[in-house]
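Let's walk through a structure together, one feature at a time. Bring your questions as they come up.

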Amino acid sequence: MVSQARFTHAPLDPAGLADALKPFGQSRMLPPGAYVDPAVFSWEQQNFFGGGWTCVGFSAELATPGSQRAESVGAGGVLLSRDADGVLHAFSNFCRHRGHELLPCGFSAQRQSIVCPYHSWTYELDGGLKAAKGFKGTAGFDERQFGLVELPVAEWHGLIFVDGSGQAGSLPDALADLDPLVAPYEPERLVIAGRHQYDAASNWKILTENYHECYHCPMIHPELCAVSPPKSGENYHPSGAWVGGWMDLRDGMSTMSLDGTSLGVPLRGLDEQGLRTVIYVNVFPNILLSLHPDYVMTHRLTPLAVDRTMIECTWAFAPEALERPGFDPGYAVEFWDITNKQDWGACESVQRGLSSAHAIAGPLSPDEDAVYQFVTMVARGYTGESAWAKRAVAAAG
Ligand code: FES
Ligand SMILES: [Fe+2]
């Protein structure tokens, strides 16, 4: 395991953070610099995305021994590898020779060893150095000193998380109060049948804040409001590193689709309430889970710059739905693709607005309490209080 030097405080005005941390109803949003200042973005990459558990993809993408995939985690990359015993490993994505990436981020490979593409140093799937070309018999060269740098990795309901700090504690412990909400949907059993990638000209937090409120829905989402009342539902009060809530489906509507009908199969673990609601949760910092009666949608956010975020969106269905002749996931994909683009347009406009030299942090409406939960989680993080570390300490105590 490794540790990184940590800043204790993000480069933001403490008075602005104190305003964000005031009680709900009196607080303000984060200072505009949190959304537009590259120095804050660099701090976040090290302390949020590289400083705790970050979602890097799906277990199904590394299903068999020899599966390898590289993803970015904060400012660096991580190489995931499934070994011969089926154990998943995560390594810092650099070669112990002279530092070449073992795979480019976003790429996959399937082979029984990890081979550096620069001078072909070869590693076992568990990270041990297997062969260093030309070093055989070199006095004083001990392969055991040059294994890959391993990071904590965890699989949770079919999602893979990596702790870039090596110090965030137990992921299941931190998500203990989220687990009972997610478990009935059995995301680990579902099959991804739709996938879109979006490149939004917006800070990652603006996208997340937008996800946490439907105060905007009557203005920009006519399709969504037709199937789900925008003022329905409530938000949860979690103790871990997540924020979320639920909303109702309108009477007669089976799921979130353009006409409210489902062309899939209801998920087998849901009770009557699960079949009438949609749950929206965000595991800090980068994964949004939208749990529908008949499918699970994810948005995985990868920040590329202070004003740019890559969003991978997936739609997963029960295997028995995919086995139906002519099954088409388009009823879910099309609905959310329309809604996503409405959201990204609003978020990109917020980004431009907050880029003004005259921008001032605004207040939150009574309907934006989940935004408040997220903003205060971020603000506490800016002051050096990690959501993950705090939880680990509490669990240990
Ligand atoms: S940098 Fe990987 S083999 Fe040289
Ligand atoms: Fe929206």
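A: Start with Thr54, which counts as buried at 2% relative accessibility. Buried is under 20% relative accessible area, exposed is over 50% and partly exposed is in between, with a 1.4 Å probe and protein chains only. Before we go on: this is a predicted model, where local features need pLDDT of at least 70, side-chain atom pairs count only at pLDDT 80 or more, and totals for chains, interfaces and linings use all residues. Residues are numbered from 1 along each chain as its sequence is written, chains are lettered from A and ligands numbered from 1 in the order in which they are written, and side-chain values use heavy atoms, leaving out hydrogens and water.

Q: Where is Thr54 found, and which residues is Thr54 in contact with?

A: Thr54 is found in strand E1. Helices (H or I, at least four residues) and strands (E, at least two) are DSSP runs, numbered from the N terminus. Contact means heavy atoms within 4.5 Å. Setting aside neighbours within four places in sequence, Thr54 touches Phe48, Phe49, Val73, Ile160, Phe161, Val162, Pro285 and Asn286.

Q: How do I read a helix, say H3?

A: An α-helix has 3.6 residues a turn, so residues three or four places apart point the same way. In H3 (residues 38-49), the buried residues are Val40, Phe41, Trp43, Glu44, Gln45, Asn47, Phe48 and Phe49. Their cover includes helix H2 (33-36), strand E1 (53-58), strand E2 (67-73), H6, E17 and H11. At the start of H3, a side-chain oxygen of Asp37 comes within 2.8 Å of the backbone nitrogen of Ala39.

Q: How many aromatic pairs are there in the whole structure?

A: Rings of Phe, Tyr and Trp (its six-membered ring) pair if their centres lie within 6.5 Å; planes under 30 degrees apart are stacked, over 60 edge-to-face and the rest tilted. The search finds 25 aromatic pairs. In one of them, the ring centres of Trp121 and Phe146 are 6.1 Å apart with planes at 80°, so the pair is edge-to-face. Trp121 is buried at 3%, while Phe146 is partly exposed at 22%. Tyr211 and Tyr280 are also edge-to-face, 5.9 Å centre to centre with 80° between the planes. Tyr211 sits in helix H6 and Tyr280 in strand E15 (residues 277-283), so this pair ties together parts 69 residues apart in sequence. Ring pairs also link Trp43, Phe48, Phe49, Trp204, Phe284, Phe374 and Tyr382 into a cluster.

Q: And what lines the largest pocket?

A: Rolling a probe the size of a water molecule over the atoms shows where empty space is left. On a 1 Å grid over the protein atoms alone, a pocket is an open set of points where a 1.4 Å probe fits, with protein on both sides within 12 Å along at least five of seven lines; lining residues have an atom within 4 Å of a point. The largest pocket is lined by 36 residues, with Tyr211, His212, Glu213, Cys214 and Met247 nearest its centre. H10 gives the most to that lining, five residues.

Terms used
A polar contact is a pair of N or O atoms within 3.5 Å; within protein, one must be able to donate a hydrogen and the other to accept it, and residues adjacent in sequence count only if both atoms are side-chain atoms.
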